[in-house]
Amino acid sequence: MAENGIFEEYKRIREGVRYLSGGREYSYAEAEELLRSPDPFERARAWDMIRGGWEGLEGGLAGLLGRALAAKAGGAAEGSGESGGPLLAAAASLRAPLMRALEAKAGRVGASGFTCRDLWARLPAPADAQMPLAEGLRRLGRFLDGAVEGGRGLIMEFFPGNRLLLEGDRPRCLRRDPSVPAVVSLPESFRGVYPSDLPVIARELGRAVHCDIASRLGAGAESRPVFAGLLGYFFEELAWSGLRAEAGPHTAAELAFNRLPRLTADFLLVPATLEFEEAAAAAAGAGALTADAVKDMEKRIFTAWLGAEAEGAGFWMRSATLFRPEAAGCSARLAGRFLSLGLARGGRLSAADLEKAVADTAALDLGAWLDKRVPGGWPALSAGALDTLSVLE
């Protein structure tokens, strides 16, 4: 079966999953929204719905995963330039502070201790924290101006009515045609935004700017997969830094707690999925990938990263990245998060510096990029990531 056929088969299975509770069927988006509820009973109900919907699919999906991994064998190493070992070690050094922060947040959202179902719980935001989108974009421009020459102008290019659209169900960068500039699409609900929404917008704006610069560089300037989200993650980091810098201690802690689900996904859930993918690929290479083998991997790997409740949670089944034909999905996301921290190590960037950063993602492999910009490699970037968690300590 062709690579794309494997993913189409996965999508058919995913679309057939039913999420049921109290005699009613919920969409996955509705179940996800319940996971963000401030009510711990609603979060538990959503967690049971999601786990229950995927129950019994492990056997068929294990075989499909084996075929997907065989179809893209070798692609992950080509996309990232190395195995996942150094990346996993860098992420593992962040596990202890992240778990301490998750335990602290659990008490804030009515849980006696951290469990996976509480990961996405939202802290209530003050009603007066919301601002019009235009004001939020102006704040983003101010944050970026401090770190990137012309940062305010980069943001203003996307002002509503120009290259920023209010459509769709989630924030994303769109490039509908290589001959035209990228645009950013935000849900209609983003007409009014909270401070913690600004880094989400900044990430998509950064991706669009990356596309624009790569387009100006001409043919052959396509970034390797491991670098694809680099400016997106960089702009997101700048937005959080700007918010933190202008906030008082209490507000800074609230912002950090609201950022915690994203950090946990990037530095715990994604590494767990990457380790699982590498173990599953090795097993598939040695023969058939059985449901029992997958169950053992899930228990060992996800429990080690996220705690006992992660056992049997089916994170791997819900991860479309594992079944997509593109290689290096998990490693690219984790690497991109770390690599973005290396961009600002030399201080404020000029417009030429920003363009050079994008050019390097096309001209250099991962090892050469690290040698040039971060001689300390992954450990140095991991130390920088610890700074982003310091407000939670």
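A disulfide is counted here as a pair of cysteine sulfur atoms within 2.5 Å. By that criterion, the whole structure contains 0 disulfides. The model is a predicted one, in which local features need pLDDT of at least 70 and side-chain atom pairs count only at pLDDT 80 or more, while totals for chains, interfaces and linings use all residues. Residues are numbered from 1 along each chain as its sequence is written, and side-chain values use heavy atoms, with hydrogens and water left out.

**Cysteines**

For Cys116, the closest cysteine sulfur belongs to Cys330 and is 16 Å away, too far for a bond. Burial is judged by relative accessible area: buried means under 20%, exposed over 50%, and partly exposed in between (1.4 Å probe, protein chains only).

| Residue | Relative accessible area | Class |
|---|---|---|
| Cys116 | 1% | buried |
| Cys330 | 5% | buried |
| Gly22 | 85% | exposed |
| Leu137 | 0% | buried |

**Overall fold**

The protein chain has 19 helices and 7 strands, assigned as DSSP runs (helices H or I, at least four residues; strands E, at least two) and numbered from the N terminus. Its radius of gyration is 21 Å, close to the 21 Å that the globule rule gives for 393 residues, so the chain is as compact as a globular protein of that length. The radius is taken over C-alpha atoms, and the rule is 2.2 Å times the number of residues to the power 0.38. Along the principal axes, the C-alpha atoms fill a box of roughly 55 × 50 × 40 Å. Of the 393 residues, 49% are buried.

Contact means heavy atoms within 4.5 Å. Among contacts between residues at least 6 apart in sequence, 73% join residues at least 24 apart.

**Two residues**

Gly22 sits in the loop between β1 (19-21) and β2 (24-26). Its C-alpha atom is 9.6 Å from that of Arg45, which is 23 residues away along the chain.

Leu137 is part of helix α8 (residues 133-145). Leaving aside neighbours within four places in sequence, Leu137 is in contact with Ile155, Met156, Phe159, Pro160, Leu164, Ile201 and Leu205.
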